[in-house]
Amino acid sequence: MLTSNMRFFSTVLLLLSATCVFAQRPPKPIEVKVVVISMFEVGADTGDAPGEYQYWVEREHLDQVFPFPEGYHDLRMNKDGVLGVVTGVGTARAAATIMALGSDPRFDLTHAYFVVAGIGGIDPRMGSLSSAVWADYVVDGDLAHEIDAREIPKDWKTGYVPLGKSVPYEQPRQARFGDDGNVYRLNPSLVDWAFQLTKDVKLEDTDAMRMRRQQYAPEPAKRPPFVLRGGNLSASTFWHGRLLNQWAHDWVNYQTDGKSTYAICGMEDTGTLQSLTWLAKAGKVDIHRVLVLRTASNYDQQREGATAAESLAETKIRQYSAYMPSLEAAYRVGHLVVDDLVARWSVTRDHLPGE
């Protein structure tokens with residue numbers, strides 16, 4: 001029979017055991033409503049010359065900082081459930097950063113929306129400086145075979161050949177290794193919802209942009225900035241010029257079976273979408289909740305009277321024709337979507353807008 005002292009110590013041990021179990025229990029993950037994905041920041045997150053991240057940090061009050069050594073840059077979050085991440089430049093850094101975020105036990109991303117908001121080079125046949133493009137498809141521009149242009153057959157338009165093919169744009173189009181990660185189609189209903197919500201947003205225009213627009217022949221290039229939908233070509237090589245613009249147009253048309261028209265280029269988006277695709281397979285995110293927004297900091301080719309080399313020499317970060325206005329456009333268009341998703345969270349948590 002247990003003595004009173006034994007019963008007392010037994011009770012104490014049970015309480016200590018329960019306390020230890022409770023103390024070791026991991027905290028409940030933070031439910032994230034929207035992840036805003038930027039690709040670069042120039043200096044500090046606030047208070048200096050901005051990159052893609054700064055306006056989001058300052059205006060969405062992303063004041064809580066989470067150390068993130070597994071990724072490129074520390075994370076930031078606001079009290080409303082909006083999480084900001086900077087991937088770093090290039091598809092490799094983007095893929096690694098987003099995979100690390102999706103595997104981070106501190107966050108519950110199962111209902112989160114993902115809004116990529118960055119700048120890029122626009123096709124003057126599709127839009128103008130500081131215009132905003134919601135991607136319907138994101139197409140990879142890196143995975144391919146290539147022959148130097150000086151050695152290609154005379155009847156080839158390009159030395160770029162799809163993986164597993166022998167000539168440019170060979171049919172039938174099919175991935176060489178199953179899903180090669182060449183093409184990502186964004187949720188059409190969500191893209192249409194985002195476009196309808198933002199299509200009438202007034203975007204910043206400047207005298208310098210007006211002057212530059214007049215140096216391009218296509219009518220869309222001459223328009224004041226506007227919101228549109230189109231194909232996004234993602235490639236870690238910063239390409240430039242009319243001939244490569246034609247390649248981009250043909251490549252997106254080929255890879256999407258004619259379902260998308262090339263409009264704007266970026267560098268990281270297939271890396272981001274590859275990681276999100278695999279995270280969705282693991283049940284950590286919902287791939288149908290992804291939007292990609294790129295705003296035009298520059299045209300992807302030379303103006304009338306200039307060479308591609310001369311134009312490329314003028315195309316440097318923070319010296320783009322519409323660098324600051326394109327950063328403003330990315331926030332001005334993107335935040336309407338982010339704020340609406342958060343404001344209607346009682347609905348959007350479980351039901352996608354537009355469906």
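The largest nonpolar core of this structure, which is a predicted model, holds 66 residues, and those with the most contacts inside it are V35, L101, F107, L109, F114 and W134. Helix α10, spanning residues 323–343, gives the most to this core, contributing 9 residues.

**Around F107**
- Leaving aside residues up to four places away in sequence, F107 touches P29, I30, V32, F66, L75, M77, L83 and L101.
- Both F107 and L101 are listed among the residues with the most contacts inside the largest core.

**Around D104**
- D104 lies in the loop that runs between helix α3 (91–102) and strand β6 (107–108).
- The relative accessible area of D104 is 6%, and because this value is under the 20% cut-off, D104 counts as buried.
- The side chain of D104 is joined to the side chain of R106 by a polar contact of 2.7 Å.

**The cavity**
- When the whole structure is searched, 1 cavity of 30 Å³ or more is found, and the volume of the largest cavity is about 50 Å³.
- The residues that line the largest cavity are G51, E52, Y55, W56, A117, G118, I119, L327, A330 and Y331.
- Sorted by class, the lining of the largest cavity is made up of 7 nonpolar, 2 polar and 1 charged residues.

Key: Residues are numbered from 1 along each chain as its sequence is written. This is a predicted model: local features need pLDDT of at least 70, side-chain atom pairs count only at pLDDT 80 or more; totals for chains, interfaces and linings use all residues. Side-chain values use heavy atoms; hydrogens and water are left out. Helices (H or I, at least four residues) and strands (E, at least two) are DSSP runs, numbered from the N terminus. Buried means under 20% relative accessible area, exposed over 50%, partly exposed in between (1.4 Å probe, protein chains only). A polar contact is a pair of N or O atoms within 3.5 Å; within protein, one must be able to donate a hydrogen and the other to accept it, and residues adjacent in sequence count only if both atoms are side-chain atoms. A nonpolar core is a set of buried Ala, Val, Leu, Ile, Met, Phe, Trp, Tyr and Cys residues joined through side-chain atoms within 4.5 Å. Contact means heavy atoms within 4.5 Å. On a 1 Å grid over the protein atoms alone, a cavity is a set of points where a 1.4 Å probe fits but cannot get out, and a pocket is an open set with protein on both sides within 12 Å along at least five of seven lines; lining residues have an atom within 4 Å of a point. Grid points are joined across faces, edges and corners, and a volume is the space filled by probe spheres set on the points. Ala, Val, Leu, Ile, Met, Phe, Trp, Tyr, Cys and Pro count as nonpolar, Asp, Glu, Lys and Arg as charged, and the others, Gly among them, as polar.
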